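Hi,

Here is the structure I promised to pass on. Have a look at it first, and then read my notes below.

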Amino acid sequence: DAGVTQSPTHLIKTRGQHVTLRCSPISGHKSVSWYQQVLGQGPQFIFQYYEKEERGRGNFPDRFSARQFPNYSSELNVNALLLGDSALYLCASSLELLRQGYTGELFFGEGSRLTVL
Amino acid sequence: AQRVTQPEKLLSVFKGAPVELKCNYSYSGSPELFWYVQYSRQRLQLLLRHISRESIKGFTADLNKGETSFHLKKPFAQEEDSAMYYCALGSGNTGKLIFGQGTTLQVKP
């Protein structure tokens, strides 16, 4: 198993543009989470999806959206890009929904590095 | 507010020395805490979780609710322990993990 795969690995956009990032979870994993990691900081939670439904959302503006497909892969969309959106975007998958009392492991991808000029 | 603090950006020790990476948290409920590690050119991966009370690669971490801490310890550091270490707090039913800023551990020969 290749693990969690993300595409593209690197991309450059200009302010105001839109970006779509893609994630394929580990086979059998039903939950996908998205994190933003700005240089020098820890990852910051954006979304968790489970069985194609949004099950958690972090403190991000509505410009950020995501969806999960029937095959459990996921897309993260960011509209009207700002310079501050430049970051590494991490996708992580888990077998089940992460919730209180379930301390299953999150498996991370290598990330998509977005640069906004 | 829910928060994880790792006060040291960089911790540098010699091989064979003891290691303690500090993590403090702020959380009103019953905390679920983890340590994640990222070795050079590798993905972020789980090192250990407090509920398992396990020792992984010689590392242990004890949850101290009184001091709201979850420090990561190893009695004798190895060069292969050099990596970025993140402490993370599980937050309720949203699946959200709150990460600290991370500590780079550098083990010198």
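**Where the two chains meet**

Across the interface of chain B and chain A, the rule finds zero salt bridges, a salt bridge being a side-chain nitrogen of Lys or Arg within 4 Å of a carboxyl oxygen of Asp or Glu. What the rule does find there is six residue pairs in polar contact, both residues at pLDDT 80 or more. A polar contact is a pair of N or O atoms within 3.5 Å; within protein, one must be able to donate a hydrogen and the other to accept it, and residues adjacent in sequence count only if both atoms are side-chain atoms.

Before going on, some housekeeping: this is a predicted model, where local features need pLDDT of at least 70, side-chain atom pairs count only at pLDDT 80 or more, and totals for chains, interfaces and linings use all residues. Residues are numbered from 1 along each chain as its sequence is written, chains are lettered from A and ligands numbered from 1 in the order in which they are written, and side-chain values use heavy atoms, with hydrogens and water left out.

Back to the interface. Chain B gives 21 residues to the contact and chain A gives 25 residues, with contact meaning heavy atoms within 4.5 Å. Between them the two chains bury about 2,000 Å², 46% of it on carbon and sulfur atoms. Buried area here is the accessible area (1.4 Å probe) that two parts lose on being put together, summed over both. On the side of chain B that touches chain A, the elements giving two or more residues are strand S5 (32-38), strand S6 (45-49) and strand S10 (96-99) of chain B. Strands (E, at least two residues) are DSSP runs, numbered from the N terminus. By class, that side of chain B has nine nonpolar, seven polar and five charged residues. For the classes, Ala, Val, Leu, Ile, Met, Phe, Trp, Tyr, Cys and Pro count as nonpolar, Asp, Glu, Lys and Arg as charged, and the others, Gly among them, as polar.

With a relative accessible area of 0%, A:Gln48 is buried; buried means under 20% relative accessible area, exposed over 50%, and partly exposed in between (1.4 Å probe, protein chains only). Its side chain makes a polar contact of 2.8 Å with that of A:Ser31. Leaving aside neighbours within four places in sequence, A:Gln48 has contacts that include A:Val32, A:Arg55 and A:Leu98, and also B:Thr94 and B:Gly95.

**Salt bridges**

Over all chains, the structure holds eight salt bridges. In chain B, the side chains of B:Lys74 and B:Asp81 meet at 2.8 Å, N to O, and both residues are buried. Salt bridges that share partners also join A:Arg22, A:Arg67 and A:Glu75 into one network.

B:Glu20 and B:Lys73 form another salt bridge (3.7 Å, N to O). B:Glu20 lies in strand S3 (residues 19-21) and B:Lys73 in strand S8 (residues 72-74) of chain B, so the pair ties together parts that are 53 residues apart in sequence. Both ends are partly exposed: B:Glu20 has a relative accessible area of 28%, and B:Lys73 one of 40%.

Then there is A:Asp62 with A:Arg57, whose closest N and O atoms are 3.7 Å apart. A:Asp62 counts as exposed at 70% relative accessibility, whereas A:Arg57 counts as partly exposed at 32%.

**Strands in chain B**

S3 and S8 of chain B turn up again in an open sheet of three strands, ordered S3-S8-S7 with antiparallel pairing. S3 and S7 stand at the edges with a single partner strand each, so one side of each is left without a neighbour in the sheet. Two bridges join S7(B) to S8(B), which is enough to pair them, as two strands pair if DSSP finds at least two bridges between them. B:Thr60 stands opposite B:Lys73 in S8(B).

B:Ser69 lies in the loop between strand S7 (60-61) and S8 of chain B, and is buried at 3% relative accessibility. Leaving aside neighbours within four places in sequence, its contacts include B:Cys23, B:Tyr25 and B:Asp62.

Elsewhere, five bridges join S2(B) to strand S11 (residues 103-108) of chain B, and these two run parallel. B:Leu10 has B:Thr104 as its bridge partner in S11(B). In strand S2 (residues 10-14) of chain B, B:Leu11 and B:Val13 make up the covered face, with B:Leu10, B:Ser12 and B:Phe14 on the uncovered one. In a regular strand the side chains alternate between the two faces of the sheet.

Cheers

Conventions:
Helix = DSSP H or I, 4+ residues; strand = E, 2+ residues; numbered from the N terminus.
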